[in-house]
Amino acid sequence: MKLYGGIYFDERGLSTSIRGMHMQTSQINNIAQNIAGFDKPGYQRIENVVSSFSEYVGVHGLSTVVDDKVGRIYATGHDLDLALAKKGYFQYVTPNGVKLTRDGRFKMDKNGYLLTNENYNVLGKDGMPIRFVNVPDDLKHVKISTSGDIEVYNKLNGEMEYIASLGIVDKTGSLADEADVRQGYIESSNVRSETEIMDLVPMQRNFQANRQMFITQNNMLNKTIQSLSQNS
């Protein structure tokens, strides 16, 4: 008669702990990004979305959506600072194509082009860069309506002249049906720091729980292997 013995290792405990730590790490990174974006004008909060059975698929069960709620709006007194009081985005063009932003900290270069804070051309409703043919000597002569129409005062004839309309779009890139542009204002982020901190605490605890479970299971496995090797 022969007796056969051995270890039958079920990896589900260890792998579940690892997948859990990967999941919590990704969620914590997203929350950290929100906290870092708290003071960024126009920043929109990233929200974690965890699918069912995420304990089996790990980080692949995590996705994100952008919270497009309007952030806090405050006055700056700068005539080219613009905020959107409704959902929507300004358009600007980069070497990598057209981008969307809610950061309305605009400026004008010496050639009369309306630029973003990163020196990219702001686009109008016609998809072309917005340009003032005659650069105003005082930005207080620039008036922007709530619908996004830009006018500038002409000292020669004493009248307001139409320049262009801001190309305000929705998240799909289609022109927005309505716009509510506020001249002399900036939109802060829509992140609430207390919400992010409250979301962060259970993520950290879950990570620590999975880490401790992994350590416990790993130690038990090592002890079992050592015991069998000593008795062999």
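Predicted model: local features only at pLDDT ≥ 70, side-chain atom pairs only at ≥ 80, totals over all residues.
1. Basis. Residues are numbered from 1 along each chain as its sequence is written. Local features need pLDDT of at least 70 and side-chain atom pairs count only at pLDDT 80 or more, while totals for chains, interfaces and linings use all residues; side-chain values use heavy atoms, without hydrogens and water.

2. Sheet. Strands pair if DSSP finds at least two bridges between them. β11 (residues 149-154) pairs with β12 over six bridges, and E151 stands opposite Y162 in β12.

3. Salt bridges. With a side-chain nitrogen of Lys or Arg within 4 Å of a carboxyl oxygen of Asp or Glu as the rule, the count is twelve. One of them joins E178 and K86, with the closest N and O atoms 2.7 Å apart. E178 lies in the loop between β12 and β13 (181-183) and K86 in the loop between β4 (82-84) and β5 (90-94), so the pair ties together parts 92 residues apart in sequence.

4. Accessibility. Buried means under 20% relative accessible area, exposed over 50%, partly exposed in between (1.4 Å probe, protein chains only). E178 is exposed at 53%, and K86 is partly exposed at 37%. D103, which forms a salt bridge with R105, is buried at 12%.

Notes: Helix = DSSP H or I, 4+ residues; strand = E, 2+ residues; numbered from the N terminus.
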